[in-house]
Amino acid sequence: MQPMTRRSWTRLAGAGLLALPRLAQAVQSASSPYRRPKLKITDIRTAEIRAHGYQLHVRVYTDQGIYGHGEATDSAHGGIPLIQMFRRFLIGQDPLNVDYLFERIRTGGIFAGAQAGQYVTALTAVEIALWDLAGKALGLPVYQLLGGRMRDRIRIYCDSQTEDPGDPQAEAKIAQIKGLGFTACKIDIDDAADPARWDKVNWTASNGEIDSMLKKIAFMREQLDKGGPPRRIDLAVDMHGRYDMTTGRRVAREVEPFKLLFLEEPVPAENVDAMRDVRENTTTPICCGENVFLRHGFRPILEKRAADIIMPDIQKAGGLLECRKIADMAHTYYVPVAPHCVVSPIGTMASCHVCAAIPNFLVLEWHWIQRLELWRSFVKEGDIIDKGFVTVTDRPGIGVEMDEEAARKAQVPGTPWFVPNKEAA
Ligand code: MG
């Protein structure tokens, strides 16, 4: 085989990243005697999507034409200037040293908010793009780089966005979820607009509010059990960390007969002692952590036994390897992981690589039931969920590729779309 020049690399890349077998072959030519690819980061570009909330897509480019694609969400707002700031840690670097680059950016920002929030979320998008890039460069799926696969299929739960028994469409919507084959779903029972609520600011639920919550759960349970064995479909319930201790503790006790998969954040997650108090007063499994960042955020939750289940958002808590580390830490406390997930099929498949690699995976969230058309067209591989499960792909990297024409239907109007930076190397 002829040695590869930079020009021939570019030609290969121009032929499209779908030509992955040829790409992997080329990578092996531009590599060390032990076949480690030689790559340098040349640019980082972004695009913004609004689907279930806001998603920031990031691509890390290299001198060999291949790029990695990452996605972050929720606290990704304000992430673009942060990613521009990260360029000084990334340009010219070897992208295969993923954890090194992660740690450089994290510790480089200790006075800039690198402990949580937007900084970590922006870093998360870059970290995921680097893993996608590493997988493509090495010709391996990301789960292989995270330690290998524990399971082939990832169980998904559907966030129903259907919790109002008074909604004339509710029964049809629940039937749709069952028809799609999900084995678990979730409803929200917090309601800022409940007429039984006496105060706009205080979140102590009145008796009327608690009655409404129980009615929603009973309705959902009845609909899920219709035409099948009882409790075959698991039900989780979210309170969004809004209520006070009195309410959180009371609801956790009152929902015990429903044998929930979990009750999510009956009180805010930032007071670990309060969460532990709720947990110690109920048999309902308590889940928390969708707004908790890094191992450092999850450490006190685990040490104080404040949750039965943790739910890091893999697209904001620090990325793929960081969430593997969080899961490993949880495993030493025999705590399972049910990641929060509201992102596109790209971020969802990235999460699935982590879920495949960890021993203590429980179930992964999916939040696009109201955006099925966009979900099914967002990546060239089509709908990655089949009967409530995702089969983890063996393709290199994350293993799914954005269909740009479809994805751009959800582009935030007026925002750049992976525009090259002028000073790109
Ligand atoms: Mg939630």
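In this predicted model, helix 3 (residues 79-90) and helix 5 (residues 117-138) bring their axes within 9 Å of each other and cross at roughly 60 degrees. That angle makes helix 3 oblique to helix 5. As for handedness, helix 3 goes past helix 5 in a right-handed crossing. On the helix 3 side, the contact is built from G79, L82, I83, M85, F86 and L90; helix 5 answers with Q118, Y119, A122, L123 and V126. Sorted by class, this contact between helix 3 and helix 5 comes out at nine nonpolar residues, two polar ones and no charged ones.

Helix 5 also has helix 4 (residues 98-107) as a packing partner, with the two axes 10 Å apart and an angle of about 165 degrees between them. Since angles over 145 degrees count as roughly antiparallel, helix 4 and helix 5 are therefore roughly antiparallel to each other. The crossing of helix 4 past helix 5 is right-handed. Here V98, L101, F102, I105 and R106 are what helix 4 brings to the contact, and they meet Y119, L123, E127, L130, W131 and A134 of helix 5. The class count for helix 4 against helix 5 is nine nonpolar, no polar and two charged residues. Y119 and L123 turn up in the helix 3 contact and again in the helix 4 contact.

Staying with helix 5, T121 is another residue worth a look, as it sits in that helix. Its relative accessible area is 0%, so T121 is buried. Setting aside neighbours within four places in sequence, T121 has contacts with A72, T73, S75 and A76, and also with F293, Q315 and K316.

Next comes the metal site. The magnesium ion is coordinated by D238 through OD and by E264 and E290 through OE, at 1.9 to 2.2 Å. Read along the sequence, the donor spacing for the magnesium ion is D-x25-E-x25-E.

E71, by contrast, is 167 residues from D238 along the chain, and the C-alpha atoms of D238 and E71 are separated by 24 Å.

C352 is a buried cysteine, at 0% relative accessibility, and its place is in helix 13 (residues 345-357). Leaving out neighbours within four places in sequence, C352 is in contact with I154, L364, V390 and V392. For one of these, V390, the C-alpha separation from C352 is 7.5 Å, with the two residues 38 apart along the chain.

Finally, the backbone has a couple of points to note. Most residues other than glycine have a negative phi. Q161, which is not a glycine, has a positive phi of about 50 degrees. Q161 is found in the loop between strand 4 (153-159) and helix 7 (170-179), and its relative accessible area of 19% makes Q161 buried, given that the cut-off is under 20%. R231 is another residue other than glycine with a positive phi, near 60 degrees. R231 lies in the loop between helix 8 (207-225) and strand 6, the strand that holds D238.

Definitions and conventions. Residues numbered from 1 in each chain as written. Predicted model: local features only at pLDDT ≥ 70, side-chain atom pairs only at ≥ 80, totals over all residues. Heavy atoms only, no water. Axes fitted to C-alpha atoms, helices over the stretch in contact; angles between N-to-C directions. Helix = DSSP H or I, 4+ residues; strand = E, 2+ residues; numbered from the N terminus. Parallel < 35°, antiparallel > 145°, perpendicular 65-115°, else oblique. Left-handed = near helix turned anticlockwise from the far one by under 90°. Contact = heavy atoms within 4.5 Å. Nonpolar A, V, L, I, M, F, W, Y, C, P; charged D, E, K, R; others polar. Donors = N, O, S within 2.8 Å, 3.2 Å for Na, K, Ca; no water. Buried < 20%, exposed > 50% of the residue type's maximum accessible area, 1.4 Å probe, protein only.
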